[in-house]
Amino acid sequence: MRRAGTYGFMAEFDSPTSLVAAAHRVQQAGYRKVDAYSPFPIEGLAEAVGFHRDEMPLVVLIGGLIGGITGYAMQYWMSVISYPINVGGKPYHSWPAFIIVTFEMTILFAGISAVLGMLALNGLPMPYHPVFNVPRFAFATKDRFFLIVFSSDPKYSSIETRRFLESLSPRSIAEVPD
Amino acid sequence: MSPARVDNLDLMAPPIIRTIGRRSLVVGLIFAALSLIGAFIRPDQFFRAYLLSFMAWLGVCLGSMAILMLRHLTKGGWGMIIRRILGAAMRTLPLLALLFIPIFLGLPKLYIWARPLDSISDQHLREHLQQVTQSYLSVSGFAIRAVIYFVIWGGLIFFLTRWSSEQDHPSARDNSTRFKALSGPGLVLYGFTISFAAIDWVMSIDPSWISTIYGLSFLIGEVLSALCFAVVVERILFRYKPMSELLKPDYVHDHGKLMLAFIMVWAYFAFSQWLIIWAGNLPDEITWYMRRLNGGWGYVGLFLVLFHFAVPFVFLLSRPFKRDVTRLVWLAIWIMLMRYLDLYWMIEPNFSQKLSVTWADVVVPFAVGGLWLGYFFHNLASKPLVPAYDVSANEVLEPVHD
């Protein structure tokens, strides 16, 4: 067993609107380490929990660049160094002919890095996550909406935070064991 | 079915639109007078620039028609919000049909196949022309085909406009099925007619050269310039009610995404044509590029690769950039200029071995453009900016929530 501790407080809501409203209130109250769970994407929820940017575009860009450079370098090596063949009197290094494969390799690597980057940045696969210690959290994939304030938040206090979440009139509140 | 907000929001374009229209018309008339003087002094230069300007503005008109039909097939708020801008742009076709007439006057100046065969000294070329003028490129054939194109475009625009106008009235019935039934075949017809028109009007300037993707390059160019034009107009309207209430970042985002897609398709077509001709390296085909890559024209080509494709592409990768109409509009204006330069690079090298810009290349586009914009803004001001009683109008008429 790991040390007995608290992962955070979880509040349950009935509708996406009340979840977004609650998320705004939590932000205004000064909490920063906050997350939300819902069965489907909700417009404006990411901004409401203070989530603005992620590193995905950078990962995809780097993946794409690596793919493009690899594709070009591979063709250059094949047609100029490894096995040069004279095709229609054109130079060995005929860049127009290399563009298509370079492009395709860019797309391929960007696509693969998008999938792998998404998994890595989400920390997947993740066999254990504390939120599942709350039995009602199973409804997050059906018709309930959850908001969590993590215990790592500097403003977190087991009494104050609970009281504050209660003021948002959720359907239920649970302390999430770590 | 009447949305509640219609009653308290005036959907007509702001009065400034009529003012802009009048000013455009004045500019157009002044430049038209200058062009007319120029047409008598240097008719050869005038007609090249005239064809160029005509094709550029025709592109905005027909591209708007194509995007509109695309919207009728796919739906979505992005299309509803610019629907009447596109509609006003496509309803300028009568003016463009009128402006097509001067091209007939300059036929022998523009097209070598329209000249008397005896005047051509090159033996090889004369034999080739004898063949093509008998089979396809005759003056009467050119005229008949032009009439067919304009009748087809006019027919499509007539019905699209008429059914759209019905949606301004509370008793409107649901026209979306009719729109769909017309738009599917309409897009196919547009694809064919614009290909033939591009062959007749531009590709035939060099009757010994053939490229099968040429028509599609024109098609995507037209759609791209029409979309950019719609973004520019939507930016102007965004300063005033009702557009300031209706335009959401999500719609602008979609316009930015479409712009990115169209730019990539343009680059794809342009590059495919180049790759195939470069790989074949046959005398009949490669001469087209030899002309356009030498004598200074190569710099224009390189400029297009960088600033019609590469730089806009990089800008449009950014999500915040695509969502902000006040920033996107600058790229839209830039791409419209690049569209003009692309047409210039396709047309002008036929007449001049060395890179050259004549007075007409600068004056005539303003003449055609001024008149065209005058008509466009008149059209834009004469109808509500959203067909309020269309079944899918509610999605844009809902209040903007912050």
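How many bridges join strand β2 (residues 34-37) of chain A to β3(A), and in which sense do the two strands run? In this predicted model, β2(A) and β3(A) run antiparallel and are joined by 4 bridges. Strand β1 (residues 6-13) of chain A also pairs with β3(A) in the antiparallel sense. The table sets out both pairings.

| Strand paired with β3(A) | Sense | Bridges | Bridge partners |
|---|---|---|---|
| β1(A), residues 6-13 | antiparallel | 6 | Phe13(A) with Phe145(A) |
| β2(A), residues 34-37 | antiparallel | 4 | Tyr37(A) with Phe146(A) |

Strand β3 (residues 145-150) of chain A has 6 of its 6 residues buried, so it is largely enclosed by the rest of the structure. In a regular strand the side chains alternate between the two faces of the sheet. In β3(A), Phe145(A), Leu147(A) and Val149(A) point one way, whereas Phe146(A), Ile148(A) and Phe150(A) point the other way.

Elsewhere in chain A, a nonpolar surface patch of about 680 Å² is made by Leu108(A), Ile112(A), Val115(A), Leu116(A), Met118(A), Leu119(A), Leu124(A) and Met126(A). Met118(A) belongs to helix α4 (residues 95-121) of chain A and counts as partly exposed, at 36% relative accessibility.

In chain B, helix α13 (residues 283-293) has the buried residues Ile286(B), Trp288(B), Tyr289(B) and Arg292(B). Seen down the axis of α13(B), these residues fall within an arc of 140°, so they line one face of the helix. Their cover includes α10 (214-238), α12 (249-280), α14 (297-316) and α16 (325-347) of chain B. The exposed residues Pro283(B) and Asp284(B) are carried on the face of α13(B) turned away from its buried side. After α13(B) comes Gly295(B), with a positive phi near 65°.

Terms used:
Residues numbered from 1 in each chain as written. Chains lettered and ligands numbered in written order. Predicted model: local features only at pLDDT ≥ 70, side-chain atom pairs only at ≥ 80, totals over all residues. Heavy atoms only, no water. Buried < 20%, exposed > 50% of the residue type's maximum accessible area, 1.4 Å probe, protein only. Arc of directions from axis to C-beta. Contact = heavy atoms within 4.5 Å. Patch = residues over 30% accessible without salt bridge, like charges linked within 9 Å, V, L, I, M, F, W, Y side chains within 5 Å. Areas by Shrake-Rupley, 256 points an atom, 1.4 Å probe, with all protein chains shown as cover. Salt bridge = Lys/Arg side-chain N within 4 Å of Asp/Glu carboxyl O. Pairing = 2+ DSSP bridges.
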